[in-house]
Amino acid sequence: MRVGLFVPCYVDAFHPEVGQATLELLERFGCDVDYPFDQTCCGQPMTNTGCHKESKATEELFVRNFKDFDYIVGPSGSCVNHVRNNFDAVEQTDEVKHVREHTYELVEFLHDVLKVDAFPWAEFPHKVTLHNNCNALRGLNIASMTELREKKFSKPRDLLSKVKGLELVDITRPDECCGFGGTFSVFEEATSARMGQDKARDQAKSGAEYVTSSDSSCMMHQEGCARRLGLPTKYIHIAQILNGARA
Amino acid sequence: MSIENQAAPTTPAGRTGDGAPANLTHGAGASVTMPPRGPEPQPRGAIIRGNHPIDQQEAARRFMAAPQHLAMHDQRLWDLRQKRDKQKDTIEEWEDLRQLASDIKTHTLTHLDTYLEQFERNAKANGVIVHWAKDADEHNRIAVDILKSKNAKRLIKSKSMLTEECGFREYAGDQGIDVVETDLGERIQQLDDEAPSHVVVPAVHKLRTDVAEVFARTLGSDPNDSDVSYLTEQQREHTRPLILTADAGMTGCNFAVAETGSVVVCTNEGNADLSANTTGLHIVSMGIEKIIPNLNSLAVFVRMLSRSALGSPITQYTSHFRGPRRGAEMHIIIVDNGRTDRLGLEKFWTSLKCIRCGACMNTCPVFRRSGGLSYGATYAGPIGLIIDPTFNRHKYSTLPFSSTMNGSCTNVCPVKINIHEQIADWRQVLAENHEIPAFKKSMMKAAGALLASPRLYRASLPMADSALRHIPRFMLYNRMNTWTRGREMPSVPKETFHQWFKRTRGKDGKKKS
Ligand code: SF4
């Protein structure tokens, strides 16, 4: 199985360890992983701002980079959701359709495609609370949603339950958006920061030592808010926990 | 037009049982304790500067700078969302009901002419006088003409978003008609000369100390007494005589049933009945999208409306007005005001399915933190973001950006409007029509060019020895670094993933041992 590793721009720049953990994890499960050198971004920042035309060339580049893989896997629900559900600035050729249908967020890839049932190397003896990125939740449906009347499920919880010693705790508003929102975080800075601070307080109140998520962008924002408030909570990507990070 | 209610019927404080308005707790935030140094002043809404695009963020910032208002507002509305969730959990077929409600609305909206004509025929047969108004002006003129023809000087009116949309109160006031709102929250807003901030709970952004201030100023009550019973009593004592001596009544319409020609209004205070039945003249303002085919479909909406809005199974009153009482007159003004144009918008017409339950506002994390008045438009919150630009594309061009597009609104919407997707679609329409600020557009152009070129992109990344070591240029959006106002910057690692990969694996991707 040839897997193209998709490392979103902010993971590349700020959280290389998340890309590394994703790569190693996929290799542990026998995937033939390659990292296309010419990748940049999925185009979401422009589309998110309404500028689809401005996103077209970036989306085309993404397709050129990833069209030859069986699967494309990235540690970010938000970017994957963009590729799968909103990749409309490019002409919908067969190649584009292939890329859209085969791009997976790491958690759903492990859960649905590889159907992983154990992470023997993983042990994380800490109290952890889970944050689901809104796009991963409501766009990719990695877990059931509190607004809907539906059967409860959670793919990231399933995976974390296989990690030795890890104790999951809940916050009071689990599905509440943290306010990152892509360019929203810069253009509507005050609301964004306030939402992030409220989220960080809720997380700290839960008694969790760590927050984990399958999306670094939300966590980068939340961590920035927690630091500003002087809260002790630590933030770690789910790929790192599943890959055996100890702390 | 929605539930004429300022409080969930289960809240304990305030007067009930004698026909008095329920209580103030929802609008007035009774649970928030006061600081020692006098009450926190109420933050006001967006500053309106003619046709200039609304600066929602500026108003939101002021709202968030008022900690008691912010905490009360966020918690009140979140409570409503949680009550709504509990109600949803009691109904096994909830998701089927949402689908059914959506289907009924879609069907009706695609057969609007048929149903409106059927409605008109049946209403006329019931003895109702039916008028058609193409816009707000025509609606206002027709209503005032009816009032003048009856020599009516005072109009009692129950809450209606359509009349807000038409600016009716102001128009009627200019024509010498004294309009008295009968919904408690709406009355508070009227006395304060402020628009409703929420379609269901119009004064939800006010603390009870704010209400005390408004009543002291307008009704002469004690400014230092913000006791809920006291305030309710003051309002009641003042307003009841006005109601009893009114010359005409006006209501909105939650649902217009084509099959029977009747209009249905849902309230918790019974104030629609008060408005409709106290005088010999009842005028109904009705938007064309309020039409539904029959009583069977009404049952679907009645099951969903109050559950979605307030988390109560049903409103205290579901009043059916079929025709005039003996010796009285009943008029229905059927209003378009841009709705048929909206119906023609391929991506946005389904926003007409809206039943104004307010659930999308209650769940919206941006709305809860910025208050409905920060949007500077008749319709606030998620539904406002997608219909306000149809009224004025320029003035409301900024609103679709006041959202993280997290999608919770779409999930709670009882008629399944894809609100967050329409917000994204509006952004595209606005960007393509030059209705986003030029600096934003040029930033996005620059970002697009940069991200389409691996070479330029790599060169923009932070390097240990570069002046840009803190954040990549494309994320800075040309030095517009607002990030650090409320947050710390992420720290920059020694090398990017890209560099790490190249160093440890080489271009062939094989592990170096
Ligand atoms: S858009 Fe949906 S949730 Fe929002 S007010 Fe209308 S019906 Fe209610």
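Helices here are DSSP runs of H or I with at least four residues, strands are runs of E with at least two, and both are numbered from the N terminus. His434(B) has a positive phi of about 55° and is not a glycine. For context, most residues other than glycine have a negative phi. His434(B) is exposed, at 67% relative accessibility. The cut-offs, with a 1.4 Å probe and protein chains only, are under 20% relative accessible area for buried, over 50% for exposed, and partly exposed in between.

Before going on, the conventions. This is a predicted model, in which local features need pLDDT of at least 70 and side-chain atom pairs count only at pLDDT 80 or more, while totals for chains, interfaces and linings use all residues. Residues are numbered from 1 along each chain as its sequence is written, chains are lettered from A and ligands numbered from 1 in the order in which they are written, and side-chain values use heavy atoms, with hydrogens and water left out.

A second residue of this kind is Asn151(B), with a positive phi of about 60° although it is not a glycine. Asn151(B) lies in the loop between helix H6 (136–149) and strand E2 (154–157) of chain B. Its relative accessible area is 56%, so Asn151(B) is exposed.

Now the interface. On the chain A side 64 residues are in contact with 84 residues of chain B, contact being heavy atoms within 4.5 Å. About 6600 Å² is buried between chain A and chain B, and carbon and sulfur atoms give 60% of that. Buried area is the accessible area (1.4 Å probe) that two parts lose on being put together, summed over both. In chain A, the residues that lose the most area to chain B are Phe14(A), Phe37(A) and Arg149(A), together 13% of what that side buries.

How many salt bridges are there between chain A and chain B? The count is nine, where a salt bridge is a side-chain nitrogen of Lys or Arg within 4 Å of a carboxyl oxygen of Asp or Glu. One salt bridge joins the side chains of Arg228(A) and Glu488(B), at 2.6 Å from N to O. Another salt bridge pairs Arg458(B) with Asp12(A), the closest N and O atoms being 2.9 Å apart. Arg458(B) is in helix H21 (residues 454–460) of chain B and Asp12(A) in helix H1 of chain A, so this pair joins two chains. Both Arg458(B) and Asp12(A) are buried.

Over all chains the structure holds 47 salt bridges. Within chain A, Arg84(A) and Glu108(A) meet at 2.4 Å, N to O. Arg84(A) is in helix H5 (residues 77–86) and Glu108(A) in helix H7 (residues 106–113), so the pair ties together parts that are 24 residues apart in sequence. Arg84(A) is partly exposed at 22% relative accessibility, whereas Glu108(A) is buried at 3%.

Last, the packing. The largest nonpolar core has 138 residues, of which Leu26(A), Phe62(A), Leu242(A) and Phe255(B) touch the most other members. Such a core is a set of buried Ala, Val, Leu, Ile, Met, Phe, Trp, Tyr and Cys residues joined through side-chain atoms within 4.5 Å. Helix H13 (residues 295–309) of chain B gives the largest share of this core, seven residues. A second, separate core of 25 residues includes Ala123(B), Val128(B), Ile332(B) and Leu352(B).
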